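Here is my note for your first look at this model. Please keep the viewer open as you read.

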Amino acid sequence: MRLIAAATSAFTIGLITSIVTGLLPQTRDRVTRHATERRRAWLAQAGLDMTPGQFLLGSVGLGLGAFVLFLLITGVAAVALAPAVLAGLAPRLYYERRRGARLTAVQAAWPDGLRDIKASIAAGMSLQRAVENLTVTGPLPLRSAFQRFPLLARSLGVSAALEAIKADLADPLSDRVIEVLILAHERGGSVVSRILADIADAATADLWTLEAIETESLEQRINARAVFALPWLVLVALTARAGEFRDFYGSTAGLLVVVAGGVLSATGMLLVSRLSREPEEDRVFGGSAVAR
């Protein structure tokens with residue numbers, strides 16, 4: 001008992017000290033800021049120009065609209081809840097796929113883009129001119145990404161323009177490449193072309209590995225999503241007309257069955273998503289040069 005009392009007292013004193021000194025709020029603020037930055041980076045990678053709050057509000061509104069629609073179709077709130085949850089998650093799933101496609105396209109374009117910049121520098125162009133030339137002769141994903149570079153370079157400077165493009169792309173590979181371009185512009189050096197060639201070779205090898213992993217796991221992901229969605233579609237079809245099924249799922253026992261099925265389905269889907277998740281590289285160079 002004395003040991004428990006002592007431990008409780010120590011915890012209480014430590015908590016009070018943290019609150020008084022402001023350490024606890026600062027820690028909470030840092031965690032909140034980190035989570036917000038990750039959400040903003042996710043939206044930027046998906047090509048969305050909105051805040052995390054706006055995205056959440058739109059998802060919730062879509063879910064509520066789906067709930068009302070399926071409630072009118074089935075007449076059972078418990079049955080309408082599952083499609084509403086799926087509808088609320090639909091923007092996240094859609095833009096996660098769009099984000100993956102966008103990142104893959106940019107990453108796949110960098111080896112050719114780097115070789116294009118290297119060839120331009122070897123031809124005697126300055127780095128700024130070589131990057132501007134990327135918007136004309138480079139791969140299509142990089143042309144779109146660097147479309148603003150010439151104007152930004154003239155108004156803000158080359159380094160600031162590259163930082164802005166890096167923030168738009170929000171991609172680890174792009175971070176590394178653009179950091180090399182910034183250093184090349186600020187310090188120059190004869191090894192820049194060799195470094196660009198090395199990064200292009202490493203990026204090509206990484207892309208081959210990721211493509212092999214994605215190909216191997218594609219069938220399993222499709223099967224998992226089909227197994228998750230089909231029972232709920234059948235449930236909606238069974239309760240679309242008045243009868244025994246609608247009466248049962250409108251009762252307390254039916255509600256328990258739907259809740260249990262939803263928990264099991266969500267658990268299985270989270271487990272499959274966790275096991276099939278591809279490793280993502282951290283954005284070591286995600287911040288701006290000024291911040292660093």
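**Notes on the fold and helix 4**

1. Residues 24 or more positions apart make up 60% of the chain's contacts with a separation of 6 or more. Contact here means heavy atoms within 4.5 Å.

2. This is a predicted model, where local features need pLDDT of at least 70, side-chain atom pairs count only at pLDDT 80 or more, and totals for chains, interfaces and linings use all residues. Residues are numbered from 1 along each chain as its sequence is written, and side-chain values use heavy atoms, leaving out hydrogens and water.

3. The chain has 12 helices and zero strands. Helices are DSSP runs of H or I with at least four residues, strands are runs of E with at least two, and both are numbered from the N terminus.

4. The chain has 292 residues, and 31% of them count as buried. Buried means under 20% relative accessible area, exposed means over 50%, and partly exposed lies in between (1.4 Å probe, protein chains only).

5. Helix 4 covers residues 77-122. Its 46 residues reach 67 Å from first C-alpha to last, close to the 68 Å expected at 1.5 Å a residue. The expected span is 1.5 Å times one less than the number of residues.

6. Look at Trp110 in helix 4. A kink of about 40° lies there, shortly before Pro111. The bend is the angle between axes fitted to the seven residues ending at a residue and the seven starting there. Just after helix 4, Gly124 has a positive phi of about 105°.

7. Is Leu93 buried or exposed? Leu93 is exposed, because its relative accessible area is 57%. Leu93 lies in helix 4.
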